[in-house]
Amino acid sequence: MVCQKCNATIPAGEEVKYRGQTLCEDCYVEALEPPRSCDVAAVYSAKSARKAAGQEGTDGLTDLQKALYNYVQAEGPVTHDQVMQKLSISRLQLEKNFAVLRHCELLRAFRENGQVFITVWTAGGPGEMQLTDH
């Protein structure tokens, strides 16, 4: 059996029917809970956890997240298509990893002339969440 969304081969008995489609587990989970880059609770959690762990910059990130951050830092602002081509990743991989970097306030996106660009987060930029010690 083949996933109707990503075309991956699904082992017998592991397919999931969702809204008339046969999906693999990953696509089913994505359909139920897509990546959300603008999530105040996730930003607070990520920033608090990184602060408690003493992490700054790319500390604690996966290799793919570091590569994404470094590429945008060197070349940005960049489009989603540029990132996907440069890092040889799918749109879903980009969305998942961008969401993490957005929650950590390392990258952000903006729209210009109808096109979305990814750029490095700047201190004091739009949407920044200030953590206070209480």
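A: We begin with a pair of helices. Two packed helices are described by the angle between their axes and the distance between the axes. Here α3 and α5 pack at an angle of about 80°, and their axes are 10 Å apart. Therefore α3 is roughly perpendicular to α5, a term for angles of 65 to 115 degrees. Axes are lines fitted to C-alpha atoms, for helices over the stretch in contact, and angles run from 0 to 180 degrees between N-to-C directions. Helices (H or I, at least four residues) and strands (E, at least two) are DSSP runs, numbered from the N terminus.

Q: On what kind of model do these values rest?

A: This is a predicted model, in which local features need pLDDT of at least 70 and side-chain atom pairs count only at pLDDT 80 or more, while totals for chains, interfaces and linings use all residues. Residues are numbered from 1 along each chain as its sequence is written, and side-chain values use heavy atoms, with hydrogens and water left out.

Q: Which residues of α3 and α5 meet?

A: A contact means heavy atoms within 4.5 Å. L64, Q65, L68 and Y69 of α3 meet L94, N97, F98, V100 and L101 of α5. The residues of this contact comprise 7 nonpolar, 2 polar and no charged; Ala, Val, Leu, Ile, Met, Phe, Trp, Tyr, Cys and Pro count as nonpolar, Asp, Glu, Lys and Arg as charged, and the others, Gly among them, as polar.

Q: Which residues touch the most other members of the largest nonpolar core?

A: A nonpolar core is a set of buried Ala, Val, Leu, Ile, Met, Phe, Trp, Tyr and Cys residues joined through side-chain atoms within 4.5 Å, where buried means under 20% relative accessible area (1.4 Å probe, protein chains only). Of the 17 residues in the largest core, L68, V83, L94, L101, L107 and I118 touch the most other members. The elements that give two or more residues to this core are α3, α4 and α5, and α3 gives the most, with 4 residues.

Q: What is the order of the strands in the sheet?

A: Two strands pair if DSSP finds at least two bridges between them. The open sheet of 3 strands has the order β3-β5-β4, with antiparallel pairing. Strands β4 and β5 pair over 6 bridges, and R108 has T119 in β5 as its bridge partner. Strands β3 and β5 pair over 2 bridges, with T79 opposite F117. Helix α5 lies across β4 and β5, at about 110° to β4.

Definitions and conventions:
Buried < 20%, exposed > 50% of the residue type's maximum accessible area, 1.4 Å probe, protein only. Parallel < 35°, antiparallel > 145°, perpendicular 65-115°, else oblique.
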